[in-house]
Amino acid sequence: MIGRALVVDDDRHILEVVTFRLQSLGLEVTATGDPSKALQALRKERFDLALFDLRMTPMDGIELMVEALDIIPTLPVLIMTAHGTIENAVQAMQRGAFDYIVKPFRGDELTTRVQRALADRRLARNLERLQAIGRLLSSTGRLETILEAIVQTTLEATEAEGCAILLAGEKGEGLRAMASHGATPLPSERLHATAAQAMAKKESVSQEHEAGVTLAAPLMVEQEAVGALVVELSRRYPPSQEERELLQVFASHAAVAVRNAQELSRLRSGALAALGRMTAQVAHDLKNPLGGLKLYSLTLEKRLKARRDAKGQELAQKIAMAVDHLSDTVTEITTFARPREIHPSAMKVHLLLDECLQLVADRIEMKQIEVARHYDEDVPVALVDARELKRAFLNLIINGIEAMEEGGSLGVTARWEKEAGEIEITIADTGKGMGAALRERIFEPFFTTKENGTGLGMAIAKSVIDLHGGRIEVESQIGRGTSVRVRLPMKERNG
Ligand SMILES: Nc1ncnc2c1ncn2[C@@H]1O[C@H](COP(=O)(O)OP(=O)(O)OP(=O)(O)O)[C@@H](O)[C@H]1O
Ligand SMILES: [Mg+2]
């Protein structure tokens with residue numbers, strides 16, 4: 001089907017002839033002699049073209065057209081008129097008709113004019129679509145959102161059954177679907193194979209098969225194919241040159257979005273690396289003077305004690321505490337900057353979690369937070385670096401506590417995923433949650449939304465989990481809470 005047409009004429013014979021001709025062009029036709037029925041249909045369904053007879057009662061073709069354009073402003077309307085009423089046809093054009101046809105139809109005039117109207121309509125719609133994508137690209141949208149929109153638009157423009165954007169992994173691993181729409185599940189093997197071909201050839205390719213045609217266009221970034229835009233068409237004939245070009249235009253839009261995202265992340269990580277080095281240097285330089293300060297404050301405290309100056313002694317203790325806090329921060333920063341290695345020993349993860357909860361017991365009590373612990377009995381003893389892992393869990397737990405007002409609840413669970421051979425630890429809070437944009441940045445070193453945060457908690461947690469060969473995933477809903485899931489791969493040990 002290339003589109004849907006609405007035909008209105010009170011002459012039965014004309015109605016039949018026109019319907020037959022349009023159907024043989026591949027159009028789906030709704031035909032009626034009653035203008036009010038036509039308006040009803042326009043309100044309910046989507047049409048790409050309308051043909052109205054000029055002379056009808058009680059409503060003539062021009063009146064009908066004016067109401068129809070009120071319902072679908074972009075609808076191309078062709079007015080059919082008998083010889084001798086050309087002035088009326090001209091008037092129809094002035095009031096918004098796309099074209100007029102004189103009855104009786106001569107040769108293939110009807111066909112030509114209908115095809116022109118359809119082509120014009122397609123062009124107008126594709127232009128609208130491209131403009132919408134252009135606007136989206138120039139806004140600072142997320143990559144996923146932009147790719148989703150491109151897939152959706154491509155699906156509409158090509159009237160495909162399904163559409164997907166596949167991207168190659170950064171380290172050259174296999175193709176991954178970033179966005180997909182339409183008939184589910186999409187036949188992924190075929191999509192992947194056609195996408196890979198288009199990427200290898202660096203031009204659009206199509207593949208015919210029993211269910212139709214798969215068409216793919218590569219996403220080119222700096223002369224490299226980084227992925228492909230693929231559509232599944234449910235028909236037997238090969239795609240036209242026009243369709244290939246249209247797909248290529250959408251693919252190049254997607255490529256621009258991918259390049260923007262890559263540049264942004266390169267910029268961010270370059271700046272972050274420089275910032276990290278500088279911070280590590282500063283932290284390192286602070287270490288020695290802080291050690292000195294700690295020593296002086298202890299000596300001071302001893303002396304004041306000897307003089308029985310209780311007030312002074314208290315002050316000296318406060319200085320020592322503040323210095324301790326500073327040293328801790330410095331240690332965090334320097335150990336973060338240094339690539340660490342892990343020293344595994346046999347450990348029950350439950351114990352680590354309990355120790356962390358113990359460390360923050362006072363904060364939990366102060367905020368009247370309810371803690372719900374669920375540890376599966378069968379979680380095995382695992383080989384982990386207890387100290388490092390504790391640092392990771394502690395940061396996650398503290399984030400959870402900090403996200404909640406008084407009276408929230410903190411869920412801490414550990415489960416053994418036997419099939420996968422993984423221990424799954426979940427730390428869930430009922431706090432303020434995060435939006436997608438925030439969630440994307442939480443693992444960046446020094447990214448924080450807190451007045452006194454250093455923004456290292458999540459980065460540290462991630463690097464520790466990475467060192468254990470694990471994964472960390474964050475799910476969050478604004479106003480509902482956040483759930484952080486850590487998966488640690490383990491080989492089960494006996495006993
Ligand atoms: N459970 C959570 N709920 C809501 N937001 C969170 C949660 N965990 C992390 N975040 C967001 O991620 C940001 C980064 O967290 P991260 O732990 O790395 O740094 P921080 O907590 O701000 O500072 P610190 O270095 O003291 O941990 C936080 O500022 C916060 O906006
Ligand atoms: Mg934190």
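## Cores, domains and a parallel sheet

In this predicted model, the largest nonpolar core has 42 residues, and the members touching the most others are Ile 165, Ala 228, Leu 229, Val 230 and Ala 254. (A nonpolar core here is a set of buried Ala, Val, Leu, Ile, Met, Phe, Trp, Tyr and Cys residues joined through C-beta atoms within 7 Å; a residue is buried if 20 or more other C-beta atoms lie within 10 Å of its own, exposed if 12 or fewer, and partly exposed in between, with C-beta atoms placed from the backbone.) At least two residues of this core come from each of helix 6 (143-158), strand 6 (162-168), strand 7 (175-182), helix 7 (188-201), strand 9 (212-221), strand 10 (224-233) and helix 8 (241-306). Helix 8 gives the largest share, 8 residues. (Helices, H or I of at least four residues, and strands, E of at least two, are DSSP runs numbered from the N terminus.)

Leaving aside residues up to four places away in sequence, Ala 254 touches Leu 147, Ile 150, Ile 165, Leu 219 and Leu 229. Contact means C-beta atoms, placed from the backbone, within 7 Å. Another core, of 34 residues, lies apart from the largest one and includes Leu 410, Ala 414, Met 458 and Val 486.

Residues are numbered from 1 along each chain as its sequence is written. Since this is a predicted model, local features need pLDDT of at least 70 and side-chain atom pairs count only at pLDDT 80 or more, while totals for chains, interfaces and linings use all residues.

Here is how the chain is divided, with bounds from an automatic or database domain assignment:

| Domain | Residues |
|---|---|
| domain 1 | 3-125 |
| domain 2 | 138-264 |
| domain 3 | 266-337 |
| domain 4 | 345-489 |

The centres of domain 1 and domain 3, taken over C-alpha atoms, are 82 Å apart. Along its principal axes, the C-alpha trace of the protein chain spans about 120 × 50 × 45 Å.

Strands count as paired if DSSP finds at least two bridges between them. Strand 4 (residues 77-82) runs parallel to strand 5, joined by 5 bridges; Ile 79 has Tyr 100 in strand 5 as its bridge partner.

Conventions. Chains lettered and ligands numbered in written order. Contact = placed C-beta atoms within 7 Å.
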